[in-house]
Amino acid sequence: MTRFFLISFSALCFALTGLALQGATEKAHASPADAHEKAAEDFIAQLANEGLAFLANDKLSLTQKKARFKKLLDSKFDIKTIGQFALGIHWRNVSDSEKAEYLELFEKMVVNVYARRFNEYQGQKFEITGASKRGKRDYSVSSLILPPQGQKGPKVSVDWRLRNKGGSLKVIDISVEGISMIMTQRDDFAAVMQKGQGDIEFLLTELRKSN
Amino acid sequence: MNILGVTRNFVAGSQKRIIRSFLVGFSLIAVTGCASAPDPSFTGGISDPFEGMNRAVFAFNEGADAIVLKPIAEGYRFIVPSPARTGVRNALRNLKSPIIFGNEILQGDLDGAGKAFTRAAINSLVGVGGLFDVAGYEGIDYEEEDFGQTLAVWGIGHGPFMIAPIMGPGSFRDFSGKIVDTVMDPLYWWLNNTDQEEWLTARTGAQVLSTREELLDVLSELKMGAIDYYATIRSVYVQNRAALVADQDPNDAFFNDIPDYEE
């Protein structure tokens, strides 16, 4: 019985190897189908260039790098959409002044979280692998972060979600290996809001602490 | 022959015990799970009816990790050079090939099954028993598959979120999948039936160490960035599993809808 199983198993395996080799030779090639997708790719390429310009600059202090990063966030990211999504259902129960303070603290937190990773940059390569339209005004640009030249290491897949806001593109989410930053943030804040029984002041206090 | 039979009976017996306690656990969860219907919008898209208990086990795991596992993983990273650690990871992945192959078949992913088989063949033969990921260099990348993912492909949801002592986060579905994967593994049966169970323990130990080392940076980043670390881990767990089930097809990324607030 066991032997029968092993023999049929091996036979199946060899048949499948043939299929797999055939599949592996058909290399997928993604090229942007239209001008909008190309524009989305260019936007991310530009964003990466600006980011790498200050990350790789050893002459800048951490404070200067943080200031550059905040400028990049303000110009290329839709912090309001990201922050509103992260607050979830609580957004509509919050006053305008609380919203303003929340968004300000939220952006500061993002700057601080990423600032801790600035020195992780050691010449990694960035490669855009494709873009596609999502829904009415959104685009997804996929990219890979590759280990520095001549080094071996894992490839990290990063997907950027862009939204066309009145003619200009803004980043609304980054997904790293399938983990969406905006979703993770929302789930974190939801737990904090639940603990504070829906009181935004509780979350604001936590955010002030982390800033 | 006699010893072999006894061992086999013993193994079969312990297997039965595992399955029985598992079934009892299942009915318990099925009963208690109905009692409270949590709002999944608060819990990262997964129901978490045992949140209180989960948080307690999570805190225990954090403590154990801080004093035992994390220091060992850091020591491992410090002492063992990166290429050797990669070799260990490759070898462990290679040993998982039968499970991955089996699950790809069960998921109806023949292309994936072929890749798993090709990888195992190339890496075992050319890659010196799996130490070198030769197939990976040739563009046939590793794909993580397990029975939890197979159940997901079959349309079965996570069930309750669970934090197991030492093992960490999981769901009822994914922990059940781990049991099936163990039983599915020919290596498990062969080592058991030849009185070499210690190799299974060694393999589990190496797996835990290698995985923890791999996650050193990711987890400390998540912890620093999070206000509620437990909720963050729960969210990341669910998202990571969804990405694995979708085989990281970029077309399935961003499955969540971000509303257009200005329309």
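**Notes on a predicted two-chain model**

1. Start with a residue in chain A. Gln197(A) is exposed, at a relative accessible area of 74%. Its place is the loop that runs between α6 and α7 of chain A. Gln197(A) is not a glycine, yet its phi is positive, about 50°. Keep in mind throughout that this is a predicted model.

2. Ile166(B) is not a glycine either, and its phi is positive at about 65°. Ile166(B) sits in the loop between β1 and β2 of chain B. With a relative accessibility of 61%, Ile166(B) counts as exposed.

3. The strands around Ile166(B) deserve a look. β1(B) and β2(B) make a hairpin, with 3 residues between the two strands. Ile166(B) is in that turn. β1 covers residues 161-164 of chain B and β2 covers residues 168-171. The two strands pair in the antiparallel sense, over 4 bridges. To find the pairing on screen, go to Ala164(B): its bridge partner in β2(B) is Gly168(B).

4. Now chain A as a whole. Its secondary structure comes to 7 helices and 5 strands. Along the sequence the order is α-α-α-α-α-β-β-β-β-β-α-α. Chain A has 211 residues, and 43% of them count as buried. Take the contacts in chain A between residues at least 6 apart in sequence: 51% of these join residues at least 24 apart.

5. Next, the interface. On one side are 49 residues of chain A, in contact with 42 residues of chain B. About 4,000 Å² is buried between chain A and chain B. Carbon and sulfur atoms give 59% of that area.

6. What polar links cross between the chains? There are 11 residue pairs in polar contact between chain A and chain B, counting pairs with both residues at pLDDT 80 or more. The interface of chain A and chain B also has 4 salt bridges. One of them joins Asp260(B) to Arg137(A), with the closest N and O atoms 2.7 Å apart.

7. Several elements of chain A face chain B. Those that each supply at least two residues to the touching side are α1 (2-25), α4 (79-87), β3 (156-165), β4 (168-176), β5 (179-180), α6 (181-195) and α7 (200-210). The largest share comes from α6(A), with 10 residues. By type, the side of chain A that touches chain B divides into 21 nonpolar, 11 polar and 17 charged residues.

8. Consider Arg234(B) and Asp48(B), whose side chains meet at 2.6 Å, N to O. Arg234(B) lies in helix α11 (residues 229-245) of chain B, and Asp48(B) in the loop between α1 (2-35) and α2 (51-79), so the pair ties together parts that are 186 residues apart in sequence. Are these two residues buried or exposed? Arg234(B) is buried, at a relative accessible area of 1%. Asp48(B) is also buried, at 4% relative accessibility.

9. A second pair in chain B is Glu62(B) and Lys223(B). The closest N and O atoms of this salt bridge are 2.8 Å apart. The pair links distant parts of the chain, with Glu62(B) in helix α2 and Lys223(B) in helix α10 (residues 197-225), 161 residues apart. Glu62(B) is partly exposed, with a relative accessible area of 22%. Lys223(B) is partly exposed as well, at 44%.

10. Arg77(B) forms a salt bridge with Asp217(B), and the closest N and O atoms are 3.4 Å apart. Arg77(B) is in helix α2 of chain B and Asp217(B) in helix α10, 140 residues apart. Arg77(B) counts as partly exposed, at 28% relative accessibility. Asp217(B) is partly exposed, with a relative accessible area of 43%.

How values were computed. Residues are numbered from 1 along each chain as its sequence is written. Chains are lettered from A and ligands numbered from 1 in the order in which they are written. This is a predicted model: local features need pLDDT of at least 70, side-chain atom pairs count only at pLDDT 80 or more; totals for chains, interfaces and linings use all residues. Side-chain values use heavy atoms; hydrogens and water are left out. Two strands pair if DSSP finds at least two bridges between them. Contact means heavy atoms within 4.5 Å. Buried area is the accessible area (1.4 Å probe) that two parts lose on being put together, summed over both. A polar contact is a pair of N or O atoms within 3.5 Å; within protein, one must be able to donate a hydrogen and the other to accept it, and residues adjacent in sequence count only if both atoms are side-chain atoms. Ala, Val, Leu, Ile, Met, Phe, Trp, Tyr, Cys and Pro count as nonpolar, Asp, Glu, Lys and Arg as charged, and the others, Gly among them, as polar. Buried means under 20% relative accessible area, exposed over 50%, partly exposed in between (1.4 Å probe, protein chains only).
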